[in-house]
Structures are given as C-alpha cells and as structure tokens.
Amino acid sequence: MTEVSARERETAAEGAVVSIGSHLKNHLRDYGMLLALVVIMAFFQVVTDGTLMRPVNLTNLILQNSYIVIMALGMLLVIVAGHIDLSVGSVVGFVGAVAAVLLVQYQLPTLVVIPACLILGILIGAAQGYWIAYWRIPSFIVTLAGMLVFRGLTLWVLQGQSVGPFPRGFQLLSTGFIPDAFGIGRPNVTAILLGAATAAILVYMAMRNRRRHMKYGIEDEPFSFFLAKNGLIAAAIVFLSYMLATYRGFPNVLITMAVLTAAYTFLTNSTTVGRRIYALGGNEKAAKLSGIPTERLTFLTFANMGMLAALAGLIFAARLNTATPKAGVAFELDVIAAVFIGGASMSGGVGKIVGAVVGAFIMGVMNNGMSILGIGIDYQQVIKGLVLLAAVIFDVYNKNKST
Amino acid sequence: MKNIHMQAILEMQGITKSFPGVKALDDVNLTVARGEIHALVGENGAGKSTLMKVLSGVYPHGSYDGDIVFEGKSVAFSGISDSERDGIIIIHQELALVPLLSIAENIFLGNEIAKGGIVDWPETNARTEELLKTVGLREKPVTRVDALGVGKQQLVEIAKALSKKVKLLILDEPTAALQENDSQKLLDLLLELKAEGISSVLISHKLNEVSRVADSITVLRDGKTVSTLDCHSQKISEERIIRDMVGRDMAHRYPERTPEIGETLLEVADWNVWHPLQTERQVIRDASFRVAAGEVVGIAGLMGSGRTELAMSLFGKSYGRNISGTVKLRGKEIDVSTVGRAVANGLAYVTEDRKALGLVLEEDVMRNTTLANLARVSRNGVIDNAEERQVAERYRKALGVRTPSVFQKVMNLSGGNQQKVVLSKWLFTEPDVLILDEPTRGIDVGAKFEIYTIINELAGQGKGVVMISSEMPELLGMCDRIYVMNEGAIAGELAGSEANQEKIMSMIVRS
C-alpha cells in the first residue's frame with residue numbers, strides 16, 4: 001500500500017504547474033483560439049492599414065456577426081449533445097419572411113410580431129427535435145429535410161419577392177444604438193461606462209473564482225499569468241468600448257449578444273441542465289442509466305436552437321430592412337464552422353460557449369478583413385475552409401499529444 | 001518433458017521500454033519453448049500488454065532496449081505486418097473483427113485469395129471451411145460475424161490466425177468475456193494446437209485456466225519479471241502465483257464478513273419480460289427473488305441466461321417490453337417504471353460494461369460521481385461547485401479511488417478505479433439496494449479485493465446487495481445466498497454455505 005501512495009504523490013506533483021510557459025502549453029487548447037483571434041485581428045489591422053479597427057468598421061463587424069454568434073450559442077448545445085442542425089439557415093430565412101409578411105402586409109405591431117416569431121422558432125425546433133429525440137431519426141437527416149422544407153416555405157411565404165421596408169421600431173432590433181445617457185453623443189459615455197463596468201465585473205468574477213479555487217488548492221494558474229490575462233481582457237474590452245463610443249455607441253444587438261452569451265455560459269457551466277447536456281453528449285447510455293431524461297433534453301436542445309435561429313432571422317431581416325428569399329443561405333455552415341473552430345467535438349460532450357463565440361468572430365473578422373482587402377468571394381471561401389480544417393487539426397493534434 | 005525446454009522458439013532478453021516518466025518494462029526476460037503453452041500473468045499495468053506490443057512490432061525495433069530472438073534468429077520488427085510474416089500473431093482482448101462481414105471475409109481480410117484483385121470466392125470459402133473445422137466451429141463461411149456470440153467470434157479470430165501460418169499465437173485475455181463452457185472449448189483448442197506444434201502465449205487473469213493448460217508461467221510485476229515457473233517439474237499453487245503477482249501474501253482472496261441479515265428489503269415477484277424487438281420471445285419468465293438488509297445475494301448463470309436483462313428491466317425498464325410483475329421495497333410496492341423513479345425509490349444498478357454504460361469517459365471523477373444525483377448538490381437547478389467538490393472528495397476517500405485529483409478525466413484511470421467511480425456515483429444516490437452486474441470484470445486481483453471490501457462494507461451498513469457474476473468462485477466467496485438463473489428463469493436457490501460450483505452447474509444443466 002505504501003508503494004501505491006508514493007505513486008499517487010508522484011502523479012499529484014506532476015499535476016502542479018510552476019512556470020508560465022508550461023501552463024500555457026497545458027492550456028494551449030483553451031487559449032489557442034483566443035490567441036488566434038488576436039493574431040488574425042492584428043494581421044488584418046496591419047494589411048488593411050488600420051481600417052479593421054476603425055470605429056465604424058468595428059460597429060459593422062458586430063452587426064454583421066451578431067446573428068452568427070447568437071446561433072452559435074444554440075448550435076454549441078446541439079453539437080455538445082451529439083447532434084447537428086443543418087436547418088438554421090433556412091429557419092433564418094423563413095422566420096424573417098414570416099415577420100416581414102406580418103409587419104408589412106398585415107401591419108401587425110412589432111411587439112406582437114417579435115414574440116410570435118420567437119415562438120414560431122421554438123415550434124420549428126421542437127418539431128425537428130421531436131423526431132430526433134423520440135424517434136431516434138439522425139439529426140443530420142431530420143435537419144437536412146428541415147433545411148429544404150423551410151427554404152421552400154420561405155419562397156412560398158414571400159412569393160419569390162423581397163418584402164420590406166420595416167417599421168422603424170423593428171429595425172431597432174439590429175440597427176439601433178444605446179443612446180448616450182448624458183446627451184454628449186461623441187464619445188458615447190454610456191458605452192464607455194458599460195464597457196468599464198463589464199470589464200470590472202469580469203475581473204471581479206475571475207478573482208472570486210480564483211480565490212475559491214485557491215481555497216480548495218485546485219488553482220494551477222500562475223498569479224502573474226492570471227494578472228496578465230485578466231488585465232489584457234479588461235483592457236481589450238475598455239478599448240473596444242471606447243472605439244465604439246467614438247462612433248455611435250453600443251449597438252442594441254451587442255447587448256443582446258452579450259446578455260445571451262453570459263446566460264448560456266452560465267447555463268453550460270453552472271446548471272444541472274447544462275451538466276446533463278454534456279453527459280448526454282459524452283455517453284448517452286450512461287446518462288440515461290443515471291436517470292437523466294435524455295430524450296427530453298435532446299428535444300429541448302433543438303427547441304432552443306429553433307428559438308435562437310428565429311431571433312437571428314429577425315435580426316438579419318431588420319439589418320437588411322427587407323426579407324429576401326435568399327436570406328440565411330449557407331448560414332448553417334458558418335455557424336457550425338464557428339462551433340468547431342471553437343473547439344467542440346463532432347462526437348459530442350466537448351465544447352465551450354466562449355469557444356463558439358470566439359470561433360464566430362474568427363470567421364467574422366476574416367470575412368470582414370478579406371472584404372476590405374477586396375479579395376474575391378472565391379478565395380475567401382477557400383481560405384475560410386482551410387482555417388476551419390487547420391483549427392480542427394490543431395485540436396486533434398493537441399488531444400493526441402496529451403493522451 | 002525435458003526436451004521441450006531444449007529449444008526455445010522465442011527468447012526475449014533484457015527488454016526495457018520507457019515512456020516519458022515511466023519505465024513500463026525493466027529488463028524483462030521471456031523464453032517460450034517450442035510447442036508449449038506459456039502463460040503470462042500479472043496485475044493490470046504490470047507490463048504484459050506492453051511486452052506483447054514490443055514483440056509484435058507495435059513498438060518498433062529501436063524504441064526499446066534488449067533482444068528478441070525468434071526461431072534462432074535475432075529479429076527487428078518495425079510493424080505488425082513484419083511479425084505476422086514471421087508467424088507471430090496476437091489476438092487482442094477486444095476482438096478485431098468486422099461485424100458486418102462474413103466469417104470468410106473476416107478470415108481473409110487483408111490477405112484475400114485473389115487473382116489480379118478479383119477475389120476467388122469458391123477457394124476462399126473452401127479454405128474457410130477447413131479452418132473452421134480445425135477450430136471446431138460449426139458455422140457456414142458466409143455467416144455474418146455479428147450473428148455469432150463472443151465465444152464463436154474468438155474461434156474465428158483463431159481461425160484467422162491459423163490462415164496466416166501461425167507459429168506463435170498470443171492470446172490476450174481470450175476468455176475474459178466468455179462463459180465457462182466456451183472458455184473450456186477454447187482452452188481445449190489451445191491444447192490441440194499445441195499437439196500440432198503451435199506454441200502459444202496465454203495472457204490471463206484466470207488462474208484456474210492457467211494452471212490447467214500452461215506448461216510454464218512467467219509472472220510480471222511493475223514491469224519486471226518476478227518469476228518463471230515450470231509447471232511440470234513442480235506443482236504450482238494458485239496462492240504461489242498470486243503472491244508473485246501482487247508481491248504480498250493474499251491469504252484470503254475474499255475479505256471476511258459476519259453477515260447481519262435484517263428485514264427483507266427488495267422483493268421481486270413474477271417478473272416477466274419480453275425481448276424488445278422479437279416480440280414473441282420471452283426473455284425473463286416468472287422470476288421472483290428477494291434481498292434482505294445486510295445481505296449479499298448472488299445471481300449465477302451462463303451468459304444469455306437473462307441475468308443482465310433481469311436487472312436492467314427492473315431498473316427503470318431499461319430493457320425489454322411488456323414487463324409485468326411486482327417490485328416491493330420493505331413490503332410496499334414501488335414504481336420502477338423509469339430510471340429516475342427506480343433511483344428515487346432506492347434502487348441502484350451498476351452496469352456490466354462500465355465504459356459503455358457506466359461512465360462519461362471524457363468527464364472528470366467529480367462530474368461522474370454526482371451525475372445520478374445532481375439535485376443533491378444544486379439549488380434551483382444551479383450547481384453548488386463547492387458542495388459538489390466536497391461530495392466528490394468524500395467518495396474518493398471513502399472508496400480509495402487512486403487519482404491525482406477529482407478533476408482527472410475518468411478515461412485516464414485504471415479499470416479498478418473506474419469501477420470505484422461508478423460505485424461512488426451510485427452510493428451518492430443513497431440506495432437501499434444495489435444491483436452490481438459483473439462488478440469485478442477486467443480488473444486486477446488487488447482492485448478486486450478492494451471492490452469486495454466495499455461490497456462487504458455496504459452490506460454492513462444494512463444495504464441489500466445483488467451481485468451478478470460469471471465468476472463462480474467470486475459468488476461462492478462473497479454471497480450469503482445464490483440464485484441460479486437459466487434461460488430467463490430462476491432455476492434454483494442455494495445458501496452460501498451449501499453452494500459449490502458443482503451444485504450451481506448441475507442446477508443450470510438440469511433445469
């Protein structure tokens with residue numbers, strides 16, 4: 001027995017990390033993509049002669065990617081649960097079309113249309129989730145069918161035409177900005193304050209977390225590294241807030257996105273539902289034999305995805321100020337790519353909300369940067385494809401190395 | 001007998017193999033005489049598999065130190081294909097057959113009888129038929145492998161090895177998943193092959209099998225050769241082998257317990273279950289049994305006798321359809337129609353296959369421990385991290401899970417420790433009755449003893465334990481009472497004190 005405990009101590013000692021270098025190496029997978037985002041941004045900042053980080057372009061970047069980010073939150077849960085949803089692009093188009101018809105042709109008020117469309121999204125997700133969860137039809141097939149069905153329905157609802165423009169209130173969903181509380185305008189003081197507050201809250205939470213981990217002796221992050229990391233993140237947030245403030249402040253959709261990201265991070269990290277989704281994706285049979293209602297959970301995951309796809313559809317329609325039959329085409333690919341770039345595993349059980357959001361912005365920054373450079377859509381696709389492949393290879397390589 | 005030891009077919013000398021931070025093999029010697037069955041035994045992690053991987057070229061020449069001499073020639077394999085060409089063939093514990101292909105297709109996979117890329121099916125099937133006759137398997141060459149049981153699949157693997165002109169056959173735990181009679185058949189086949197001059201290395205945990213067929217035994221412990229025993233010049237006792245394996249005396253393989261049997265806890269009556277797909281097939285027939293507080297009750301039976309099906313159908317109807325019968329706990333009928341309700345009513349079921357059904361391998365010890373009872377560590381659906389961690393630590397200590405921390409992914413733990421994590425998960429639901437399905441399958445002697453100790457402690461706490469096992473000595477050593485199942489029915493019941501292997505077998509055979 002003494003021999004065993006000696007071995008135990010040895011492995012325990014191996015677990016404790018001393019230097020920043022080795023810490024970074026151990027967490028390459030966690031920080032790798034964030035680092036990649038920073039590098040990609042820096043690269044485009046240089047080659048576009050600073051256009052990328054101009055306030056107006058940063059604002060655009062957020063507006064352009066908000067719907068991808070929002071859908072990536074739902075898609076992460078779907079993929080963690082061990083499934084896939086190919087229909088989200090078509091659902092974006094369909095919900096946008098329905099909203100347009102209700103707003104423009106039936107003249108219904110915005111405050112009725114928005115909740116109605118979100119419920120429609122939930123129903124769409126639930127309808128697909130029903131077959132997947134309770135009939136065990138592969139999600140790939142069900143949502144491939146959904147992709148065709150809702151694209152067709154989009155065309156039918158719009159009669160092949162574009163419908164718009166929308167009332168002002170609806171447009172605010174995407175193009176509105178948080179007004180300056182002090183009426184100064186530029187720079188927008190609300191934005192700066194919100195940014196500073198967010199940074200402060202994040203740092204406070206990180207510190208609280210670290211204290212708690214220290215108490216249990218499970219903290220392996222060197223303090224200097226902790227300081228540098230959180231300092232950089234806080235500085236980045238304040239800096240970006242300031243940049244946005246010098247233009248028109250925070251777009252409404254940034255708030256939506258931030259709140260949803262925080263909510264889903266909480267859901268995945270701290271709630272029983274989140275925990276169970278990971279268990280379901282990691283080993284469905286074991287989860288089921290542990291008393292977890294796996295079918296219902298799968299069903300809810302798809303209903304949730306439907307709702308977020310509907311929200312994305314509304315935001316996208318509001319941004320274009322018109323619903324077109326082409327809206328949302330191929331969005332599902334960007335969303336799925338974002339989730340996989342963010343480190344989720346195809347076989348389920350692995351993935352983080354932050355990763356998916358970072359993944360979405362990697363795609364977004366590349367889209368934006370290459371467009372500024374005037375790179376043709378042909379090369380853009382090639383480059384995006386290769387980046388997706390590289391990210392996943394990087395992940396797999398890391399995983400193989402660690403085992 | 002002496003001349004067997006004159007010529008060695010294989011000599012591995014001074015084999016040392018290091019992985020970063022670990023010396024997996026340290027100056028290991030293994031000599032296999034021509035035409036003998038050489039058993040290689042040792043606890044999990046002793047280095048048996050590593051040694052065989054060195055031999056077969058999975059770890060290529062140059063990645064280890066030492067010499068391998070095969071048939072008098074020094075060899076340097078750089079891959080499995082090299083060693084197979086020389087006639088060294090390994091049959092792994094996890095069978096490497098393609099389930100959807102036929103027996104013949106599997107046997108000649110990668111080695112097809114073909115001209116110019118076109119397979120000669122008549123010849124393939126004829127050759128397969130011959131091979132199947134040799135291994136004593138009465139199946140058609142065109143039968144799909146997934147239609148065969150594990151025992152028959154094992155024979156297909158051996159036929160496949162024979163098709164490659166095997167000189168040295170290495171079997172890694174060949175009988176781990178086999179029933180008594182299939183194991184016997186397999187061992188008989190090994191003896192037949194030996195008579196034909198094929199040498200074999202048998203890696204096994206089952207010492208009764210080893211003593212039955214082995215001509216000599218090499219014991220490995222912690223990457224070193226502890227002893228090489230000649231079974232013909234002296235009588236080797238199992239105790240002697242165990243002592244060499246674990247490095248300490250194990251006077252008792254089963255820990256002592258004075259049973260204090262209380263009131264009847266679980267009572268199952270007239271339990272009937274039909275097959276989930278084949279609707280006319282009844283899997284469980286009128287099964288009735290009971291477990292009292294502080295009692296360890298065994299369920300013996302052959303594979304396919306319905307033991308696991310009985311347990312799973314009881315546990316939230318996780319198996320079968322048209323389930324009928326009553327389940328009472330302390331005299332009151334309880335609802336076990338879903339896993340959640342069965343758990344809430346005090347049942348726990350530790351599955352037979354811990355990797356596929358018991359654990360989320362990608363997740364850590366803590367998350368696996370709390371999975372079945374997350375409500376206990378959460379408020380309004382929000383998990384209390386501190387409490388969860390305390391719970392995980394408590395069970396880690398109580399069950400002696402060897403892991404650097406509770407944040408270790410369970411896939412990195414050994415089989416015995418994984419099993420302890422599964423037990424932790426179910427103990428955390430605070431059940432009245434635990435059903436343990438093959439709780440010690442595939443774990444080493446030392447860890448088995450620890451699991452037995454845990455089982456005894458649970459019984460000591462007044463829980464009822466149902467233990468399903470294919471290893472009869474284990475049931476005989478542990479149980480106060482044993483039910484014998486056969487073809488879906490309970491064929492009989494024996495008190496622990498009066499039970500022995502013969503009585504159990506005769507109940508199975510006579511029912």
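A: Domain bounds here come from an automatic or database domain assignment. The model is predicted, so local features need pLDDT of at least 70 and side-chain atom pairs count only at pLDDT 80 or more, while totals for chains, interfaces and linings use all residues. Residues are numbered from 1 along each chain as its sequence is written, and chains are lettered from A and ligands numbered from 1 in the order in which they are written.

In chain B the assignment gives domain 1 (1–87 + 168–186 + 200–251), domain 2 (96–166), domain 3 (252–346 + 432–511) and domain 4 (356–430). The C-alpha centres of domain 3 and domain 4 of chain B are 24 Å apart, and ten residues of domain 3 of chain B are in contact (C-beta atoms, placed from the backbone, within 7 Å) with nine residues of domain 4 of chain B. On the domain 3 side, helix 15 (residues 445–460) of chain B gives the most, with four residues; helices (H or I, at least four residues) and strands (E, at least two) are DSSP runs, numbered from the N terminus. That side of domain 3 of chain B divides into seven nonpolar, one polar and two charged residues, where Ala, Val, Leu, Ile, Met, Phe, Trp, Tyr, Cys and Pro count as nonpolar, Asp, Glu, Lys and Arg as charged, and the others, Gly among them, as polar.

Turning to the contact between the chains, 29 residues come from chain B and 25 residues from chain A. Helix 10 (339–344), helix 11 (354–358), strand 20 (382–383) and helix 13 (385–399) of chain B each supply at least two residues of the side that touches chain A, and the residues of this side of chain B comprise 16 nonpolar, seven polar and six charged.

Within chain A, helix 5 (88–105) and helix 14 (294–320) meet through residues including Val88(A), Gly93(A) and Ala100(A) in helix 5 and Met305(A), Gly313(A) and Phe316(A) in helix 14. The residues of this contact of helix 5 with helix 14 of chain A divide into 13 nonpolar, four polar and no charged.

His83(A) sits in the loop between helix 4 (55–80) and helix 5 of chain A, and His83(A) counts as buried (20 or more other C-beta atoms within 10 Å of its own) because it has 25 C-beta neighbours inside 10 Å. Leaving aside residues up to four places away in sequence, His83(A) touches Val78(A), Ile132(A), Ser139(A) and Thr298(A).

Technical notes:
Two residues are in contact if their C-beta atoms, placed from the backbone, lie within 7 Å. A residue is buried if 20 or more other C-beta atoms lie within 10 Å of its own, exposed if 12 or fewer, and partly exposed in between; C-beta atoms are placed from the backbone.
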